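Take a walk through this chain with the model open beside you.

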Amino acid sequence: NPCHQPRFKDKHPRHCPLGVGAGRRQTDMSAERKIREVIGRATATCQPQLLLEAYKNMCQLVAPSAHSEPNLKPQNPSPELPVLIAEAALELSAPERTEDEAVMFRPQMQELADRCITKFLGAVKPPKNQALSRAYLAQATLVARSAAGRKGEGLVDQTLKALDLVLKALEIATGDARYSFLVYNASVVYWRTSRALQRKGVYKHLLPSMPTMAEAIKSLGEEDSEWKSKFWVALARVYDDCEEADNALKCLNDAFDATEDDDCKTEIVRLMVHADRNR
């Protein structure tokens, strides 16, 4: 049915550019902009080799090797640059990517994403800004992918580890009105990650993280009303499975008010009747 499992073909994280740091020397900015341009071309044209080149150039920028240009001095690129490369690597290695290049370089892209996230998080206490939030979401995506194929406790443990990272990202996103797009992004990553536990018998593991996420998306605009409705329906199913009928009904009421889709409204009413019988 249309409200049981939200379809996410068009649900992708939203991006807000991470700008080149202010106050850098013009040469630094020029070199970094070139790297950013390569990152953009790599994702736009599905060329993982270009992304590997961007990573190599970033490393050369920080610590030029003996094979670099003779007068090239170590520079100080924006600390969030590894996050941009990690996000691009995750995009190019997504399971749904079926291009030959994407499939061929998938292991290298996953490894590159991990390396870049480790590099960024290993820095001296990164500030709590959008770069750190995005790094946590990227790390959550990696951890969730590593859970693929697991069963039982192994699947639950890895999924919960990924969801904890989503909540760390969400904490930053909800602390600054400028980061509202990251609340949406966190909800998308949460959904993709939690689907492994959205079934009878394991729904319980989504408490209390899913209510936290559901509360956060209330801040999203009207353009996301259908998305919020579908998320709240999913949370209602969690509560229903945990025999918390009152909480399930509250979620369903919120979902009903948010949606304009007649099929979803019909499904929500059916779920309301079921939850009310369990009170």
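E243 is exposed, at a relative accessible area of 75%. Exposed means over 50% relative accessible area, buried means under 20%, and partly exposed falls in between (1.4 Å probe, protein chains only). The areas themselves come from the Shrake-Rupley method with a 1.4 Å probe, and for residues only the protein chains shown count as cover. E243 sits in the loop between helix 10 (225-241) and helix 11. Its phi is near 60 degrees, a positive value in a residue other than glycine.

A word on the ground rules. This is a predicted model: local features need pLDDT of at least 70, side-chain atom pairs count only at pLDDT 80 or more, and totals for chains, interfaces and linings use all residues. Residues are numbered from 1 along each chain as its sequence is written, and side-chain values use heavy atoms, with hydrogens and water left out.

Now step back to the fold. The chain has 12 helices and zero strands. Helices (H or I, at least four residues) and strands (E, at least two) are DSSP runs, numbered from the N terminus. Read from that end, the elements go α-α-α-α-α-α-α-α-α-α-α-α. The chain has 279 residues, and 47% of them are buried.

C46 has a positive phi of about 50 degrees, although C46 is not a glycine. This residue lies in the loop between helix 1 (26-44) and helix 2 (48-62). Is C46 buried or exposed? C46 counts as buried because its relative accessibility is 10%. The other loop lies between helix 8 (180-194) and helix 9 (209-216), and P208 is found there. The peptide bond from L207 to P208 is cis, with omega near 10 degrees.

Turn to the charged pairs. Side chains of opposite charge can pair when their charged atoms come close. A salt bridge here is a side-chain nitrogen of Lys or Arg within 4 Å of a carboxyl oxygen of Asp or Glu. By this rule the count is 13 salt bridges.

One of them joins R134 and E87, at 2.8 Å from N to O. This pair links distant parts of the chain: R134 is in helix 6 (residues 130-146), E87 is in helix 3 (residues 81-92), and 47 residues separate them. Both R134 and E87 are buried.

R115 and E111 meet in a salt bridge of 3.1 Å, N to O. Both lie in helix 5 (residues 106-121), four residues apart, about one turn of the helix. R115 counts as partly exposed because its relative accessibility is 34%. E111 is also partly exposed, at 47%.

Next, find E267 and R237. They form a salt bridge, with the closest N and O atoms 3.1 Å apart. E267 lies in helix 12 and R237 in helix 10, so the pair ties together parts that are 30 residues apart in sequence. Both E267 and R237 are buried. Elsewhere, salt bridges that share partners join E32, R36 and E80 into one network.

Stay with helix 12, where L271 is found. L271 counts as buried because its relative accessibility is 10%. The C-alpha atoms of L271 and A248 are 8.9 Å apart, while the two residues are 23 apart along the chain.

D262 is exposed because its relative accessible area is 58%. What gathers on the surface with D262? E260, D261 and D263 do, and the four form a patch of negative charge. Patches are made of residues with over 30% relative accessible area and no salt bridge: like charges are joined within 9 Å, nonpolar side chains (Val, Leu, Ile, Met, Phe, Trp, Tyr) within 5 Å. Asp and Glu count as negative, Lys and Arg as positive, and His and the chain ends are not counted. The place of a charge is NZ of Lys, CZ of Arg, CG of Asp or CD of Glu.

T259 lies in the loop between helix 11 (245-258) and helix 12. T259 is buried, with a relative accessible area of 0%. A polar atom of the T259 side chain lies 3.0 Å from the backbone nitrogen of D261.

Conventions. Polar contact = N/O pair within 3.5 Å; in protein donor to acceptor, adjacent residues only side chain to side chain.
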